Amino acid sequence: MATATDDTVLDYLQRRWRRRLDATTIPQAQHALALPASTAQRIRLFRMLSARPALWRRLTSYGQTATALALTEGEKLAARALLRGETIDEAFATAGLDEAEARAARQVFRALRLLVRGRAASEGSRFEEGVGLNFHTVRVEGEPAFAVH
């Protein structure tokens with residue numbers, strides 16, 4: 001069930017996504033809105049975006065996916081390593097995730113079905129569709145960071 005804060009993040013994202021080439025992610029929106037980095041909120045919003053692709057339709061032409069919008073940059077690095085055959089702990093080390101980040105990543109990976117019974121999903125290629133697990137972050141002084149296509 002969505003919370004008022006979820007609606008705030010979603011509203012922010014939809015305003016950002018109206019900008020040309022802007023693909024601000026959920027973690028970037030949380031940061032820009034000075035909200036805590038909530039794993040539970042990212043999972044709820046991922047599920048909402050997955051169930052209602054019309055919310056982010058304009059990004060699909062650029063290859064964006066609900067997965068790409070939900071993961072942090074570190075999680076995308078870890079996911080790529082996991083899909084290359086590394087164990088989950090090796091993938092977290094490769095991505096340089098600390099203990100708290102690894103714990104959050106494990107939760108998100110399970111929710112996104114990237115991690116199934118401690119291993120990479122057997123249908124891992126679906127995570128490489130569109131922009132896949134790549135990211136391009138723009139940081140302009142005095143403005144919140146955002147992802148681009």
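Predicted model: local features only at pLDDT ≥ 70, side-chain atom pairs only at ≥ 80, totals over all residues.

Biologist: Which elements does the protein have, and what pattern do they follow along the sequence?

Modeller: The protein has eight helices and four strands. Read along the sequence, the pattern is α-α-α-α-α-α-α-α-β-β-β-β.

Biologist: What does the radius of gyration tell us about this protein?

Modeller: One compares the value with that of a compact globule with the stated number of residues. For 149 residues such a globule would have a radius of gyration near 15 Å, and the protein has 15 Å, so the two agree. Along its principal axes, the C-alpha trace spans about 40 × 35 × 30 Å.

Biologist: How much of the protein is buried?

Modeller: A residue counts as buried when its relative accessible area is under 20%. Here, buried residues make up 44% of the 149 residues. The accessible surface comes to about 8,200 Å², and 49% of it belongs to carbon and sulfur atoms.

Biologist: Which residues of helix H6 are buried, and what covers them?

Modeller: Helix H6 comprises residues 73-83, and its buried residues are Gly-74, Glu-75, Lys-76, Ala-78, Ala-79, Ala-81 and Leu-82. Their cover includes the helices H3, H5, H7 and H8, together with strands E1 and E2. Just after H6, Gly-85 takes a positive phi of about 110 degrees.

Biologist: How many aromatic pairs does the structure hold, and how are the rings arranged?

Modeller: Two rings pair if their centres lie within 6.5 Å, and planes between the stacked and edge-to-face ranges count as tilted. The structure holds one aromatic pair. It is formed by Phe-92 and Phe-109, and it is tilted, with 6.1 Å centre to centre and 45 degrees between the planes. Because Phe-92 lies in helix H7 and Phe-109 in helix H8, the pair ties together parts that are 17 residues apart in sequence. Both Phe-92 and Phe-109 are buried.

Biologist: Is Arg-139 buried or exposed?

Modeller: An exposed residue has a relative accessible area over 50%. Arg-139 has 62%, so Arg-139 is exposed. This residue is found in the loop between strand E3 and strand E4. Leaving aside residues up to four places away in sequence, Arg-139 touches Glu-73 and Ala-145. The C-alpha atoms of Arg-139 and Glu-90 are separated by 29 Å.

How values were computed
Residues numbered from 1 in each chain as written. Heavy atoms only, no water. Helix = DSSP H or I, 4+ residues; strand = E, 2+ residues; numbered from the N terminus. Rg over C-alpha atoms; globule rule 2.2 N^0.38 Å. Buried < 20%, exposed > 50% of the residue type's maximum accessible area, 1.4 Å probe, protein only. Areas by Shrake-Rupley, 256 points an atom, 1.4 Å probe, with all protein chains shown as cover. Contact = heavy atoms within 4.5 Å. Phe/Tyr/Trp six-rings, centres within 6.5 Å; stacked < 30°, edge-to-face > 60°.
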